[in-house]
Structure formats: C-alpha cells, structure tokens
Amino acid sequence: MSDNTEKPCHKCGHDFNAHMLKGYGSPPTEGWMECPVEGCKCDMTWSLGKNFDSKSNETNT
Ligand SMILES: [Zn+2]
Ligand SMILES: [Zn+2]
C-alpha cells in the first residue's frame with residue numbers, strides 16, 4: 001500500500017497536486033489546470049458546474 005496522497009492527473013498522468021489552478025472571474029467558477037511539467041499540454045478544464053443543469057430552467061414556447 002502506498003501512503004502518499006499524490007494523485008495522478010486523469011488527463012496527463014503527472015502529479016495532480018503539482019498542477020496550478022487557474023480561473024476566470026472573481027470568484028472563479030471555471031478555469032483550467034496548468035501542469036508544471038515542461039512540454040506537457042494538460043489543459044484540463046474545471047468548473048463548478050452551475051451551467052450544466054441550468055437548461056432545465058428554459059421554457060419552451
Ligand atoms: Zn502533465
Ligand atoms: Zn494534468
């Protein structure tokens with residue numbers, strides 16, 4: 001068993017904890033990850049998901 005808490009990034013496989021979290025807005029509700037490994041283009045995006053289900057609020061006329 002491994003005791004360390006390092007998790008591999010789902011996208012690129014590098015240490016997820018080393019990724020830098022970047023976001024748009026204040027407070028940020030979505031953004032992207034920057035992998036510190038040189039040459040890696042992780043570009044994993046994240047969001048709080050507020051927009052995902054909001055379409056159920058739309059009314060059909
Ligand atoms: Zn990476
Ligand atoms: Zn990554």
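Start with burial. Of the 61 residues in the chain, buried ones make up 3%. The cut-offs are these: a residue is buried with 20 or more other C-beta atoms within 10 Å of its own, exposed with 12 or fewer, and partly exposed in between, with C-beta atoms placed from the backbone.

Some ground rules. This is a predicted model, where local features need pLDDT of at least 70, side-chain atom pairs count only at pLDDT 80 or more, and totals for chains, interfaces and linings use all residues. Residues are numbered from 1 along each chain as its sequence is written, while chains are lettered from A and ligands numbered from 1 in the order in which they are written.

Now confidence. pLDDT is the predictor's confidence in each residue, from 0 to 100. The average over the chain is 82, and 74% of the residues score at least 70. The highest confidence is in β2, at a mean of 91, and the lowest is in β3, at 89.

Next, the layout. The chain has three strands and zero helices. In sequence order the pattern reads β-β-β. Both kinds of element are DSSP runs, numbered from the N terminus: helices are H or I with at least four residues, strands are E with at least two.

As for pairing, two strands count as paired if DSSP finds at least two bridges between them. In general, strands of a sheet pair through backbone hydrogen bonds, either parallel or antiparallel.

Take β1 with β2. Six bridges pair these two strands in the antiparallel sense. A hairpin of two residues makes the link from β1 to β2. Met20 stands opposite Glu34 in β2. Gly23 has Gly31 of β2 as its bridge partner.

Why does β1 lie largely in the open? Of its six residues, the number buried is zero.

Two backbone details for you. Which bond is cis? The peptide bond from Ser26 to Pro27 is cis, with omega near -5 degrees. Pro27 sits in the loop between β1 and β2. The second detail is Asp43, which is not a glycine, yet has a positive phi of about 55 degrees. Asp43 belongs to the loop between β2 and β3. Asp43 counts as exposed because it has 11 C-beta neighbours inside 10 Å.

Now two pairs across the sequence. Thr29 is in strand β2. Its 14 C-beta neighbours inside 10 Å make Thr29 partly exposed. Thr29 and Leu48 are 19 residues apart in sequence, and 5.4 Å apart in space, C-alpha to C-alpha.

His10 is in the segment before β1. With 9 C-beta neighbours inside 10 Å, His10 is exposed. His10 and Cys42 are 32 residues apart in sequence, with 9.4 Å from C-alpha to C-alpha.

Last, contacts. Two residues are in contact if their C-beta atoms, placed from the backbone, lie within 7 Å. Take the contacts between residues at least 6 apart in sequence: 16% of them join residues at least 24 apart.

That's it from me. Over to you.
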